[in-house]
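Please keep the sequence and the model in view while reading.

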Amino acid sequence: MSYLWTKAFHIVFVSAWFAGLFYLPRILVNLAQVPPESHAERQRLIGMAQRLLRFAALLAIPAIALGLWLWLAEGIGRGPGNGWLHAKLALVALALGYHHGCGVLLRKMVQGQSRRSHTWYRWFNEVSVLLFAAIVVLVVVKPF
């Protein structure tokens, strides 16, 4: 029974973490569109983005810890025919890199060093959706 509880909470925390990764780049899109003279709007969006970045990081910790528990303690993905888990772990590593990248982009925006357009941030925003979809497909379908 503990396996099912662990799996359920892993799914909850992964979904919550990705919700942060879905919305954080959207705030970056909005920041890229703020006129230079609109200091109050810029500061409000920066504050929102910084809080969301920290909150998403806090959600990632139990998501990863529970996933590691499922893998190492419960035996998920052991044995032949579990290549899907290796692909999932690679995508999770990319998601962690994406999360870190969001922090780097936000820091550059705060320092006024961002040279990217709102269109670039719109495309960047889609990466988290693709990662999430690929991870879900790997876990549910287990294609290899």
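## Phe18 and its surroundings

Leaving aside neighbours within four places in sequence, Phe18 is in contact with Ala95, Ser128, Leu131, Phe132 and Ile135, where contact means heavy atoms within 4.5 Å. The model is a predicted one, in which local features need pLDDT of at least 70, side-chain atom pairs count only at pLDDT 80 or more, and totals for chains, interfaces and linings use all residues. Residues are numbered from 1 along each chain as its sequence is written, and side-chain values use heavy atoms, with hydrogens and water left out.

Ser128, one of the residues that Phe18 touches, belongs to helix α4. Not counting residues up to four places away in sequence, Ser128 touches Phe18, Leu21, Phe22 and Tyr98. Ser128 counts as buried because its relative accessibility is 0%; buried means under 20% relative accessible area, exposed over 50%, and partly exposed in between, with a 1.4 Å probe and protein chains only.

## Overall architecture

The protein has four helices and zero strands, and the pattern read along the sequence is α-α-α-α. Helices (H or I, at least four residues) and strands (E, at least two) are DSSP runs, numbered from the N terminus. Taken along the principal axes, the C-alpha atoms fill a box of roughly 60 × 25 × 20 Å. Of the 144 residues, 34% count as buried. Among contacts between residues at least 6 apart in sequence, 79% join residues at least 24 apart.

Gly20 lies in helix α1, which covers residues 2-33. With a relative accessible area of 6%, Gly20 is buried. Residues touched by Gly20, apart from those up to four places away in sequence, are Pro25, Leu52 and Ala56. The C-alpha atoms of Gly20 and Ser128 are 9.7 Å apart, although the two residues are 108 residues apart along the chain.

Helix α2 (residues 39-72) has 34 residues and reaches 49 Å from its first C-alpha to its last, close to the 50 Å expected at 1.5 Å a residue. That expected span is 1.5 Å times one less than the number of residues in the helix. Among the buried residues of α2 are Leu45, Ile46, Gly47, Leu52, Leu53 and Ala56. The cover over the buried residues of α2 includes α1 and α3 (83-110).

## The nonpolar core

A nonpolar core is a set of buried Ala, Val, Leu, Ile, Met, Phe, Trp, Tyr and Cys residues joined through side-chain atoms within 4.5 Å. Of the 34 residues in the largest such core, Trp17, Phe18, Leu28 and Leu31 touch the most other members. The elements that give two or more residues to this core are α1, α2, α3 and α4. Its largest share, ten residues, comes from α3.

## Pockets

Rolling a probe the size of a water molecule over the atoms shows where empty space is left. On a 1 Å grid over the protein atoms alone, a pocket is an open set of points where a 1.4 Å probe fits, with protein on both sides within 12 Å along at least five of seven lines, and lining residues have an atom within 4 Å of a point. Grid points are joined across faces, edges and corners, and a volume is the space filled by probe spheres set on the points.

| Pocket | Volume | Lining residues by class |
|---|---|---|
| Largest pocket | about 650 Å³ | 22 nonpolar, three polar, three charged |
| Second largest pocket | about 210 Å³ | six nonpolar, four polar, two charged |

In these classes, Ala, Val, Leu, Ile, Met, Phe, Trp, Tyr, Cys and Pro count as nonpolar, Asp, Glu, Lys and Arg as charged, and the others, Gly among them, as polar.

The largest pocket has a volume of about 650 Å³. Of the 28 residues that line it, the closest to its centre are His10, Val14, Lys88, Ile135 and Val139. Helix α1 gives the most to this lining, with eight residues.

The lining of the second largest pocket includes Leu31, Pro35, His39, Arg42, Met109 and Arg116. Two or more residues of that lining come from each of α1 and α2.

## After the last helix

Lys142 lies in the segment after α4. Although Lys142 is not a glycine, it has a positive phi of about 50°. With a relative accessible area of 41%, Lys142 is partly exposed.
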